[in-house]
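I opened the notebook to record what I looked up in this entry. The notes below follow the order in which I went through the model.

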Amino acid sequence: VDEGASREYVSQLPQVRFKGVDTCFWEDGEWSNIRPYTFNDGSHNLPMDIPPVAEHKRSLSTRIRVVGLILSAVVMGLAIAVGVWTYHNRQQQVVRASQPIFLYIISAGTLLMGASIIPLTFRPGSAVCMAFPWLLTLGFSLIFSALFTKTFRIKSIMRSAAKFKRIKLTAIDVMKPMIALLLLNIIALTVWTILDPLQSETIVVDWDEFGREVESYAVCGSDSSKIFLPILCVVNLGSVVFALVQAYQARDISTELSESNYIFQVMSIFLYGTFLGIPVLVIAKEVIEAFYFVLAGLIFVICSSIFFLIFRPKIMAVRRSDSTATQSWQPQRTAEAGTNDASKNEEGIQIYSTKAKGTLVEEYHKIEKENGQLKQFCMTLSGNRGLDYDSLVINSAIERAYNTA
């Protein structure tokens, strides 16, 4: 190495000056203090070897927490409201046709799903981490097993009708698949909670030049989640797909309030939301605010579709029936009550037709055309009534004259 180049390089380095200060001295086998040493910051405290770490922990902002809690409160409030409405109108034919027990189950399921947003709002902990899968899974299984049970009941009745067999299905008979699905979820969640429950884990995102953590966020995780999450997904999503097939097959069955069609729409919305929401959740898993908002919004959309498509038609039907009853005459109400007493004492949906919608539309247009032709024929007869009367009078007069002669 060139000596001149080395000296030039050293001369360009920042100059560091050192100074010595006597603070103590050794005497008779011990140290004696003279005066405390004053460091460059003006204190007598020994400075750190490296600067303090500026650690940043990602967490939900107050605004996003408020939004999530509002969504949860809206869902839970609507679930309680529709449950109270069902109990208050349990004697109405519209509610009895849908069987109040299933409406109670659906409202309880939406209440649990809405409550599952609350554990997401708080910092992950032992109890908070396992509360979310319990609330979400149980609420989900209650809702969609009840919807599946309703379509299964309609299909069972139509299958027996096609064989000219009389069948009576009670709520207990059709609740067996729902109970089986609920038990499968409870067993899986219980084993997961006992063996390896979700715990709070810290995910480090960035380090400083000294290898210290400067940015991190907390999540719920466990080694067994890779086993139990797929099990729960297969059980629940499989039941949804099967229920969607049942609802699609029963979509052309014409029933009171078109429940089969509404159930099919609810399950379609859920599948669309799931297929769109899960990729977004995977992409935004490190951005905790986006992850929280998408997950809470997905739960809110699913529950809102249930309120709008399952309960709203029944509420509107009850209001229309109450309005019609107050505007009708008392004798008419008595006659209707006499003819419908038998049907009002039984729960269950009345099935009107099993023909496809297109077939029913074609038959409607055909009948409408025949009615038009019949109306035109009646108008023609009405126009010829005067001519027929004159001919009858003349013939009667001729006959009387002939008899007189």
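I took helices (H or I, at least four residues) and strands (E, at least two) as DSSP runs, numbered from the N terminus. With that in place I located Ala 284, which sits in the loop between H10 and H11.

The model is predicted, so I noted that local features need pLDDT of at least 70, that side-chain atom pairs count only at pLDDT 80 or more, and that totals for chains, interfaces and linings use all residues. Residues are numbered from 1 along each chain as its sequence is written, and side-chain values use heavy atoms, with hydrogens and water left out.

**Ala 284**

The scale I used calls a residue buried under 20% relative accessible area, exposed over 50% and partly exposed in between (1.4 Å probe, protein chains only). Contact here means heavy atoms within 4.5 Å. Setting aside residues up to four places away in sequence, I found Ala 284 touching Ala 290 and Phe 291. I also looked up Val 294, which is 10 residues from Ala 284 in sequence and 8.9 Å away in space, C-alpha to C-alpha.

**Whole chain**

I counted 14 helices and 7 strands in the protein chain. Of its 405 residues, 32% are buried. Among contacts with a separation of 6 or more, 74% join residues 24 or more positions apart. Accessible areas come from the Shrake-Rupley method with a 1.4 Å probe; for residues, only the protein chains shown count as cover. The accessible surface of the protein chain is about 26,400 Å², and carbon and sulfur atoms hold 62% of that.

I compared helix lengths with an expected span, which is 1.5 Å times one less than the number of residues. Helix H2 (residues 62-88) has 27 residues and should span 39 Å at 1.5 Å a residue; its end C-alpha atoms are 38 Å apart, which agrees. The buried residues of H2 include Ile 64, Leu 71, Val 75, Val 82 and Trp 85.

Helix H4 (residues 100-115) has 16 residues and reaches 23 Å from first C-alpha to last, close to the expected 22 Å. Its buried residues include Phe 102, Leu 103, Ile 105, Ile 106 and Met 113.

Helix H8 (residues 176-195), with 20 residues, reaches 29 Å between its first and last C-alpha, close to the 28 Å expected. Which residues of H8 are buried? I listed Met 178, Leu 181, Asn 185, Ala 188, Leu 189 and Trp 192. Seen down the axis of H8, these buried residues fall within an arc of 105°, so they line one face of the helix. The arc is that of the directions from the helix axis to the C-beta atoms. On the face turned away from the buried side of H8 I found the exposed residues Lys 176, Ile 187, Ile 194 and Leu 195.

**Pocket and cavities**

I worked on a 1 Å grid over the protein atoms alone: a cavity is a set of points where a 1.4 Å probe fits but cannot get out, a pocket is an open set with protein on both sides within 12 Å along at least five of seven lines, and lining residues have an atom within 4 Å of a point. Grid points are joined across faces, edges and corners, and a volume is the space filled by probe spheres set on the points.

The largest pocket holds about 1,800 Å³ of space. It is lined by 49 residues, of which Phe 132, Leu 229, Leu 281, Phe 291 and Leu 295 are the closest to its centre. Elements giving two or more residues to this lining include helix H6 (126-162), helix H9 (225-249), helix H10 (259-283) and helix H11 (288-327).

The search of the whole structure returned 2 cavities of 30 Å³ or more. The second largest cavity has a volume of about 40 Å³. Lys 57, Arg 58, Arg 123, Thr 202, Ser 216, Tyr 217 and Ala 218 line the second largest cavity. Strand E3 (56-58) and strand E5 (213-221) each give two or more residues to that lining, and E5 has the largest share, 3 residues.

Ile 302 lies in helix H11 and counts as buried at 6% relative accessibility. Beyond four places in sequence, Ile 302 touches Met 113, Phe 144 and Phe 270.

Cys 24 lies in strand E1 (residues 24-27) and is partly exposed, with a relative accessible area of 29%. Leaving aside neighbours within four places, I found Cys 24 in contact with Trp 31, Ser 32, Asn 33 and Ile 34.
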